Amino acid sequence: MIIVDTSGRHKQEESLFEEMQQVSYAVQPDNIIFVMDASIGQACESQARAFKSKVDVASIIITKLDGHAKGGGALSAVAATNSPIIFIGMGEHIEDLEPFDSESFVSKILGYGDVKGLVNKVTEMNLDQNKELVDKLKHGIFTLRDMYEQFQNIMKLGSFSQLVGMLPGFSNESIGKGADVESKEKLKHLMCIMDSMTTDELDSQLGSKIFTKTPSRMTRIAKGSGSSTKDIQLLLSQYSRFSEMIKK
């Protein structure tokens with residue numbers, strides 16, 4: 001297989017588009033792939049149309065989805081070129097190029113996370129708790145302790161920004177816009193909050209409802225973890241969204 005790569009270009013750079021056409025005529029490729037930067041948002045559509053008007057785009061790769069871009073513009077690009085997405089880029093390395101899964105992609109765009117992708121990542125980890133954790137996720141059983149263990153696993157595997165985006169109720173923005181190190185510190189703070197919870201609170205099947213029934217629990221946890229009650233409420237809100245998605 002031979003891959004011919006051209007430099008990036010904008011729709012207004014007519015000379016570069018002519019150069020791209022010349023390359024296409026000379027090489028006669030079997031598959032022309034449009035590599036799209038997810039961070040340009042809805043501008044994806046006009047950019048995709050410009051490429052499609054010059055060469056026969058057959059498939060699409062979306063990059064920079066490990067950042068804060070949700071990739072909604074990608075759907076416009078698909079419509080504009082009538083071409084399928086084949087891979088998505090979740091980082092800077094070759095192993096971060098993942099096959100496109102429409103269900104997971106749309107779920108993340110809607111803010112529901114990617115439970116399917118998260119289960120696959122956990123399965124890849126080969127930890128002793130693997131089978132038990134995966135079984136819980138598949139059967140819709142999810143306590144605060146389970147979420148704590150998920151956080152521990154995320155700290156051990158892969159790109160933090162990529163994995164945290166798979167959690168329903170969590171987004172790159174909710175964790176922070178800094179580097180992975182800073183973001184991990186924020187996740188550690190959430191774990192510190194859960195460290196201040198009792199065994200009954202962590203293992204309760206009532207989930208966040210146990211705190212609604214007894215608000216004084218949040219005050220106690222806030223004092224014990226050096227947090228505010230608002231931090232506790234945010235954590236419980238994210239837990240509830242994650243739990244609801246898993247139980248569907």
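**Exercises on salt bridges, strands and confidence**

Six salt bridges are counted in this predicted model, where a salt bridge is a side-chain nitrogen of Lys or Arg within 4 Å of a carboxyl oxygen of Asp or Glu. Residues are numbered from 1 along each chain as its sequence is written, and side-chain values use heavy atoms, with hydrogens and water left out. Because the model is predicted, local features need pLDDT of at least 70 and side-chain atom pairs count only at pLDDT 80 or more, while totals for chains, interfaces and linings use all residues.

**Exercise 1.** Describe the network of salt bridges that links Glu201, Arg217 and Arg220.

*Solution.* Begin with Arg217 and Glu201, whose side chains meet in a salt bridge at 2.8 Å, N to O. Arg217 lies in helix H13 and Glu201 in helix H11 (residues 199–203), so this pair ties together parts that are 16 residues apart in sequence; helices here are DSSP runs (H or I) of at least four residues, and strands (E) of at least two, numbered from the N terminus. Next, Glu201 also forms a salt bridge with Arg220, again given as 2.8 Å, N to O, and this pair links helix H11 with helix H13 across 19 residues. Finally, consider exposure, where buried means under 20% relative accessible area, exposed over 50%, and partly exposed in between (1.4 Å probe, protein chains only). Glu201 counts as buried because its relative accessibility is 0%, whereas Arg217 is partly exposed at 22% and Arg220 is partly exposed at 36%.

**Exercise 2.** Work out how strand E3 (residues 85–89) is joined to strand E2 (residues 57–63) and to strand E4 (residues 97–99).

*Solution.* Two strands pair if DSSP finds at least two bridges between them. E2 and E3 run parallel and are joined by three bridges, with Ile61 standing opposite Phe87 in E3. E3 and E4 are also joined by three bridges, but run antiparallel, and there Ile88 has Glu98 in E4 as its bridge partner.

**Exercise 3.** Find where confidence is lowest and where it is highest.

*Solution.* The protein averages a pLDDT (the predictor's confidence in each residue, from 0 to 100) of 78, and 72% of the residues score at least 70. Confidence is lowest in helix H9 (residues 172–175), at a mean of 51, and highest in helix H13 (residues 216–225), at 94.
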